[in-house]
Amino acid sequence: MSLPESTPSPISLRPARLLTQNRELRAIGVWNWSLPAWAGRLPDGRTYNTCPSAGICRHVCYARQGTYTWPVVRAKHQANLQFVLDDLHGWQQAMIAELGARRFRGTWVRIHDSGDFFSDAYLLAWLHVIRARPETNFYAYTKEINRFRTLVEPDAPTNFLWVFSFGGTQDSALDVAIDRVADVFHDEEAIAAAGWHSQEASDLLAVLGPHLVGIPANRIPHFLKLLEGRSFRSWQAEVDAERQAARHRRGALRLVTSRVPDAPGRPAATQRDRAA
């Protein structure tokens, strides 16, 4: 059944162009693809989380501030996500077609200046796109470490580079001696003091420079106040340690409250003792 003439087709609501350039990336000739950052609600009422492994980073995320919150920008990013969710194969073919333009040959595309590889299917679709356009280079920051270990690292496309970024729930899976990693520091001086290497001169240094990548924190005052001079890595480690301690306390409390009365004159036995 055809749609009424007054009802727009879902196809007509899809973004006319998928790849754009923000000011920072345009300066170095990089194109970018964006999704809405972290969690939210689409205009049709569906909820989403494009950064399922986000940890403390969500509290100081640059992509949840400033121009990213402008209605026209938010609408563009949400339209991108809706295209992916509603027609992943169609999105994949549209991205391959757009990347066939001459202007993308020999250049770089940053996958996500906001958002992340939120599902296996979405990551696999990107890998198909990347392999279909070997004349274009792709790179990404990601906190989806386990997903990349399984789906990317065993057979990575030669034109795809990535950096694992600290501040997520999978930080403990990273090895700074082996993995290419990025951490956010209070400022350039803190990056240098830690012996890391700033990518401030060019975002491409995140994947082309030394493997310990330092990023100076966004200078938003309340973000700096939350950071308290820590790096994302150290802040996330503090949170993880606090949660681990809380789990131990809850475990000890359950053990105490599981004790049951025993016969008069004998010590109380736990449920575990009785089962034994």
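**View 1. Salt bridges across the predicted model.** Count the salt bridges here and you get 12, where a salt bridge is a side-chain nitrogen of Lys or Arg within 4 Å of a carboxyl oxygen of Asp or Glu. This is a predicted model, so local features need pLDDT of at least 70 and side-chain atom pairs count only at pLDDT 80 or more, while totals for chains, interfaces and linings use all residues. Residues are numbered from 1 along each chain as its sequence is written, and side-chain values use heavy atoms, with hydrogens and water left out.

**View 2. Asp-203 meets Arg-110.** The side chains of these two residues, Asp-203 and Arg-110, form a salt bridge, 3.1 Å from N to O. Asp-203 sits in the loop between S8 and helix H7 (205–208) and Arg-110 sits in strand S4 (residues 108–111), so the pair ties together parts that are 93 residues apart in sequence. Helices (H or I, at least four residues) and strands (E, at least two) are DSSP runs, numbered from the N terminus. Are Asp-203 and Arg-110 buried or exposed? Both Asp-203 and Arg-110 are buried. Here, buried means under 20% relative accessible area, exposed means over 50%, and partly exposed is in between (1.4 Å probe, protein chains only).

View 3. Arg-149 pairs up with Glu-153 in a salt bridge, and their closest N and O atoms are 2.9 Å apart. Arg-149 is partly exposed, with a relative accessible area of 26%, and Glu-153 is partly exposed too, at 35%. In another salt bridge, the side chains of Arg-230 and Glu-228 meet at 3.6 Å, N to O. Arg-230 is buried, with a relative accessible area of 15%, whereas Glu-228 is exposed at 60%. Then there's a network: Asp-44, Arg-46 and Asp-86 are joined by salt bridges that share partners.

**View 4. The open sheet of seven strands.** Follow the strands across and the order reads S1-S4-S5-S6-S7-S9-S8, with parallel pairing. Two strands pair if DSSP finds at least two bridges between them. Which strands are at the edges? Those are strand S1 (30–33) and strand S8 (197–198), and each of them pairs on one side only. As a bit of background, strands of a sheet pair through backbone hydrogen bonds, either parallel or antiparallel.

**View 5. Strand S7 and its neighbours.** Strand S6 (residues 160–165) and strand S7 (residues 181–185) run parallel and are joined by two bridges. Phe-164 has Val-181 of S7 as its bridge partner, and Ser-165 stands opposite Ala-182 in S7. S7 is also joined to strand S9 (residues 212–216) by five bridges, again running parallel; Val-184 stands opposite Ile-215 in S9. How many of the five residues of S7 are buried? Five of its five are. Val-181, Asp-183 and Phe-185 cover one side, with Ala-182 and Val-184 on the other.

**View 6. Zooming in on Asp-183.** This residue, Asp-183, is found in strand S7 and is buried, with a relative accessible area of 2%. Asp-183 and Ile-215 are 32 residues apart in sequence, and in space they are 6.1 Å apart, C-alpha to C-alpha.

**View 7. Arg-247 in helix H9.** Helix H9 (residues 232–257) holds Arg-247. Arg-247 is partly exposed, with a relative accessible area of 43%.
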